[in-house]
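Keep the viewer open and follow along.

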Amino acid sequence: MTEWHLFKMVMILATIACVSGQRTVNMEIPFERNATNIKPYSIKITKYVCVGTPYKRTSVSYCKTVVQRNKPAVLNVSVVVPEALNYIWLKVKLLYKFTTYQPFLIDMEQEGCEYIRNRPIIPLADYVYEIMQKTVPDLTTACPHGNKTYNIVWWLEERYTPRSVPAGNYRLDIQFFARDKVLLFAVETYLTVRRAGPFLIDGGTNACAFMRKPKNDPVCNYIYKVMEEMAPDEATPCPLVMVQFRNVLYSLGVLLWMSQGPYADNGFNYEEHKNFTRAFKIEVQRLVCIDMPYKETILLECRMVFRRNQRLLSISYKLPKLYTFVMVEFRLHYKFTTYQTFLIDGKAEGCAYMREEKNDPILSYMYGVFKDMLPTIIHKCPYGNRTYTEMTMLKEEYAPRSIPAGDYRMDLRFSTKPNVTMLSLQLFFGVRRKGILNSMLEW
């Protein structure tokens, strides 16, 4: 058995597990087995596109995406089928967007007329048929079909989706063919899945007791400091009150995201943070040095090196001058539609920081990562008057203990006191959950 055959077998098994139903011969199990009321994710349909037009044997009067306020987007389509059809080949394919859209779990082909007549036991076909039976019943009647105009209003409801769906961007392709393989109709549905519920921070504390005697709790400490800055009148001693914080400021997730662990009296313990196992893997995609040419730096090498089961980062540059001031800027981006700043966005004067490390969890975390990844580049000042060469890799142990799946970009820039760029680079990488079924973290 080849690896490809094994992969296809696993994909079929994963699909059956995903829809979570079982069938035995001549045994009907109602479709409601998947229709749970509460799902740990939400689905947003972004658009519908009728593709392959104009068709040779049918005509589309209109094909529109109807956007509704606080409701799913709806496909409104009218298809004229002038001839009777006793053979309709149906293709249904689900694709997940990695760098490009690639098949994911559902990839089915079935002759519809024979299937409706005989109803063979085919788990994936049964799953698709039962969804169509609930949402577009006109298309699930016995053949012949055609010789009429089909006016369809359709959307994918969450109650008909599997119990667990990885977060990310999807495309659902549905195609209908005649016996001679002529395309009758095809539609692409674009949708996004996001995990429902609080994002990173969800907790509570007795505010009065906390202000009388602060706890060694990084999340509470951090939120209290922010409240002191933003709402000083609310951060004063008070009568007993229970303070609830849920999704309080997007950036407050940094502490919980990074640590969920101990803070020593002198600050964030990066070494202890590294010891935890990660439920995901990181794949480096590319390394790019930008804003070249540099005025005070001679760049010798900036590229990825591919070795067996490894993707190494090779950086080499020469700094002819000596510096006692180096500004380090770092910014993490997450790819939504475009790359947007995500949780980590900071800068520090490197020479001063290494002389006297501050009790700042974000700086402590980033300093620990850079020191491990770039040991020859990150050192105490004076800086320069030498050639720096680094062959390194991005390890899972450098990452926070929990991180959403998706594509990321880390920007790193070193500059002089007059703000002249010494080195500026972008590291692109993807995060996926370990294992075959759980290829993404849901969030």
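Start with helix 3: its 13 residues reach 19 Å from the first C-alpha to the last, close to the 18 Å expected at 1.5 Å a residue. That expected span is 1.5 Å times one less than the number of residues. Helices here are DSSP runs of H or I with at least four residues, strands are runs of E with at least two, and both are numbered from the N terminus. Before going on, note that this is a predicted model, where local features need pLDDT of at least 70 and side-chain atom pairs count only at pLDDT 80 or more, while totals for chains, interfaces and linings use all residues. Residues are numbered from 1 along each chain as its sequence is written, and side-chain values use heavy atoms, with hydrogens and water left out.

Helix 3 is mostly covered, with 10 of its 13 residues buried. Buried means under 20% relative accessible area, exposed means over 50%, and partly exposed is in between (1.4 Å probe, protein chains only).

Now jump to helix 9, residues 361-373. The buried ones are Pro361, Ile362, Leu363, Ser364, Tyr365, Met366, Tyr367, Gly368, Val369, Phe370 and Met373.

Next, the covalent links. How many disulfides does the structure hold? There are 4, a disulfide being a pair of cysteine sulfur atoms within 2.5 Å. Numbering the bonded cysteines in sequence order, the pairing reads 1-2, 3-4, 5-6, 7-8.

One of them joins Cys113 to Cys143, with the sulfur atoms 1.9 Å apart. The link of Cys113 and Cys143 is left-handed, at -80 degrees about the S-S bond. Cys113 lies in helix 2 (residues 112-118) and Cys143 in the loop between helix 3 (123-135) and strand 6 (145-154), so the pair ties together parts that are 30 residues apart in sequence. Cys113 is buried, at 1% relative accessible area.

Another joins Cys351 to Cys381, S to S 1.7 Å, and this link is left-handed with -70 degrees about the S-S bond. The pair links distant parts of the chain: Cys351 is in helix 8 (residues 350-355) and Cys381 in the loop between helix 9 and strand 18 (383-392), 30 residues apart. Cys351 is buried at 2% relative accessible area, whereas Cys381, at 25%, counts as partly exposed.

The link of Cys50 and Cys63 has S to S 2.0 Å and is right-handed, at 80 degrees about the S-S bond. Cys50 sits in strand 1 (residues 41-50) and Cys63 in strand 2 (residues 59-68), 13 residues apart. Cys50 is buried at 14%, and Cys63 is partly exposed at 27%.

Follow Cys63 into its sheet. Its bridge partner in strand 3 is Val77. Strand 2 and strand 3 (residues 71-85) pair in the antiparallel sense over 8 bridges, where pairing takes at least two DSSP bridges between two strands. The open sheet has 3 strands in the order 2-3-6, with antiparallel pairing. Strand 2 and strand 6 stand at the edges with a single partner strand each, so one side of each is left without a neighbour in the sheet.

Zooming out, the protein has 9 helices and 20 strands, and 46% of its 443 residues count as buried.
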